[in-house]
Amino acid sequence: MGLFGSTSARHDKTFEVEHSEEEWRRRLTREQYRVLREHGTERAGTSPLDREKRTGTFHCAACEAPLYSSEQKFDSGTGWPSFWRPLEGAVETSTDRSFFMVRTEVHCARCGGHLGHVFNDGPPPTGLRYCMNGVAMRFKPTED
Ligand SMILES: [Zn+2]
């Protein structure tokens, strides 16, 4: 440990659910691992969750934490499941400077798994567009 320690956050941060990268590899599919642990992006239009219209909750595919309600979902036309607000405290954000852009990265507050990005061109009431990778989530319909 150096005198000044490391300040750049993410990898030093601890989450409620933590596993070694080897363990995550075992728990997740290859595509889930690529998105959740390596900040990958699924191809637009490939996730069935983009077209999911039922009432229910979208959970983190890595740790099962509830992230979004179907009431917060809207059709952004981008080919990725999009939401105007997450469930309270469900996600956290960090600054992403990859690909020569400054974007706001969104990850699961419980396990740190990368979910997508948030943009300022969403609908009311928040004006936000949480652009999520469907492969990073699991949909659980409300039972009636
Ligand atoms: Zn999670």
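Predicted model: local features only at pLDDT ≥ 70, side-chain atom pairs only at ≥ 80, totals over all residues.
Let us begin with the strands. Six of them make up an open sheet with antiparallel pairing, in the order E3-E4-E8-E7-E6-E5. Its edges are strand E3 (73-74) and strand E5 (91-96), each of which pairs on one side only.

| Strands paired | Sense | Bridges | Facing residues |
|---|---|---|---|
| E3 and E4 | antiparallel | two | Phe74 and Ser82 |
| E4 (residues 82-83) and E8 | antiparallel | two | Phe83 and Tyr130 |
| E7 (residues 114-119) and E8 | antiparallel | four | His117 and Cys131 |

Strand E8 (residues 129-132) deserves a look of its own. In a regular strand, side chains alternate between the two faces of the sheet. Here Arg129 and Cys131 point one way, while Tyr130 and Met132 point the other way, and all of these are buried.

**Tyr130, a residue of E8**

Tyr130 lies in strand E8. Is Tyr130 buried or exposed? Its relative accessibility is 10%, and because the cut-off for buried is under 20%, Tyr130 counts as buried. Leaving aside neighbours within four places in sequence, Tyr130 is in contact with a run of residues from Pro81 to Pro86, namely Pro81, Ser82, Phe83, Trp84, Arg85 and Pro86, and also with Tyr68, Val91, Val106, His117 and Val118. Among these contacts is Phe83, the bridge partner of Tyr130. Between Tyr130 and Phe58 there are 72 residues of sequence separation and a C-alpha to C-alpha distance of 13 Å.

**The zinc site**

Which residues hold the zinc ion as protein donors? They are Cys60, Cys63, Cys108 and Cys111, each through its SG atom, at 2.3 to 2.4 Å from the ion. Along the chain these donors follow the spacing C-x2-C-x44-C-x2-C. Cys63 sits in the loop between E1 and strand E2 (66-69), whereas Cys108 belongs to strand E6 (residues 103-108), so this pair ties together parts that are 45 residues apart in sequence. Both Cys63 and Cys108 are buried. The site is tetrahedral, with angles of 102 to 115° among the four donor atoms. For four tetrahedral donors the ideal angle is 109.5 degrees.

In soluble globular proteins, nonpolar side chains tend to be buried together. The largest nonpolar core of this model has 28 residues, and Leu67, Tyr68 and Leu115 touch the most other members. At least two residues each are supplied by H2, E1, E2, E6, E7, E8 and strand E9 (137-141). H2 gives the largest share, three residues.

Leu115 shows how many parts of the chain can meet at one side chain. Not counting residues up to four places away in sequence, Leu115 touches Leu36, Leu67, Val91, Val106, His107, Cys108, Cys131, Met132, Asn133 and Ala136. One of these, Cys108, is also a zinc donor.

**Ser47, a buried loop residue**

Finally, Ser47 is found in the loop between helix H2 (30-36) and strand E1 (56-60). With a relative accessible area of 4%, Ser47 is buried. A polar atom of its side chain lies 3.0 Å from the backbone nitrogen of Leu49. Beyond its neighbours within four places in sequence, Ser47 is in contact with Glu42, Pro81, Gly134 and Val135.

Key: Residues numbered from 1 in each chain as written. Heavy atoms only, no water. Buried < 20%, exposed > 50% of the residue type's maximum accessible area, 1.4 Å probe, protein only. Pairing = 2+ DSSP bridges. Polar contact = N/O pair within 3.5 Å; in protein donor to acceptor, adjacent residues only side chain to side chain. Contact = heavy atoms within 4.5 Å. Donors = N, O, S within 2.8 Å, 3.2 Å for Na, K, Ca; no water. Tetrahedral: all angles 85-135°; square planar, octahedral: opposite > 155°, others 65-115°. Core = buried A, V, L, I, M, F, W, Y, C linked by side-chain atoms within 4.5 Å.
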